[in-house]
Amino acid sequence: MSTSDIEVETWMRGYHIYRDIWKNIDRDQEVFLKKQPNNQFDKNAIGGYVKFLNPEDDTILTEIGHLPRNFSRALKKITGEEVFGFKCRVADKNAVRASGLNGLQIRVIINITLTKKKIMMLRKQLVKLSDCCLIL
């Protein structure tokens, strides 16, 4: 089965909760995406996590926020469980107010590799979500 890639710019939300952590995030830092099916606010939630060293030099994953709800729903609809293989990085460490979204966000870029058919389906979904993502 042949695969294809799509690169999408979107937002990591949650400044009001994670603002102290966001101060320590660097541009181009890798973000690990993890589905959160038990999230009390959104069963489709996808959380973002970064690696930090604690004082004992142990690497720990620290939650930094969530992808926008509509974006997460579109990903789940098309990809199912494949979200763990996506590559995500911080595009800009400065918190900004995104058009159409409440609160402050940081920009992230996600590289998604799927079958060509699923990439086409995902493109169609994401075009409808121009308020929370941009196909690059």
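Q: Leaving aside its neighbours within four places in sequence, which residues is E30 in contact with?
A: In this predicted model, E30 is in contact with Y49, V50, C88 and R89, once neighbours within four places in sequence are set aside.

Q: And what element does E30 lie in?
A: E30 lies in strand β2, which covers residues 30-35.

Q: Is E30 buried, exposed or partly exposed, and why?
A: E30 has a relative accessible area of 48%, so it counts as partly exposed. Exposed would need over 50%, and buried would need under 20%.

Q: How many residues apart in sequence are E30 and A91, and how far apart in space?
A: E30 and A91 are 61 residues apart in sequence. In space, C-alpha to C-alpha, they are 9.9 Å apart.

Q: Which residue in β6 is the bridge partner of R13?
A: That is Q105.

Q: What about β1 and β7, do they run parallel or antiparallel?
A: Antiparallel, with three bridges joining β1 to β7, residues 133-135.

Q: Now the helices. Which residues of α2 are buried?
A: The buried residues of α2 are F71, S72, A74, L75, I78 and T79.

Q: Where do they fall, seen down the axis of α2?
A: The buried residues of α2 fall within an arc of 160°, so they line one face of the helix.

Q: What follows α2?
A: G80 follows α2, and the phi of G80 is positive, near 65°.

Q: Which residues that line it are the closest to its centre?
A: R13, G14, H16, H66 and R69 are the closest to the centre, out of 21 residues that line the largest pocket. R13 is the residue that pairs with Q105 in β6.

Q: Which helices each supply at least two residues of the lining?
A: α1 (15-22) and α2 (69-79) each supply at least two residues of the lining of the largest pocket.

Q: Which element gives the most?
A: α1 gives the most to that lining, with four residues.

Q: How do the lining residues divide into nonpolar, polar and charged?
A: The lining of the largest pocket has nine nonpolar residues, nine polar ones and three charged ones.

Notes
Residues are numbered from 1 along each chain as its sequence is written. This is a predicted model: local features need pLDDT of at least 70, side-chain atom pairs count only at pLDDT 80 or more; totals for chains, interfaces and linings use all residues. Side-chain values use heavy atoms; hydrogens and water are left out. On a 1 Å grid over the protein atoms alone, a cavity is a set of points where a 1.4 Å probe fits but cannot get out, and a pocket is an open set with protein on both sides within 12 Å along at least five of seven lines; lining residues have an atom within 4 Å of a point. Ala, Val, Leu, Ile, Met, Phe, Trp, Tyr, Cys and Pro count as nonpolar, Asp, Glu, Lys and Arg as charged, and the others, Gly among them, as polar. Buried means under 20% relative accessible area, exposed over 50%, partly exposed in between (1.4 Å probe, protein chains only). Contact means heavy atoms within 4.5 Å. Two strands pair if DSSP finds at least two bridges between them. The arc is that of the directions from the helix axis to the C-beta atoms.
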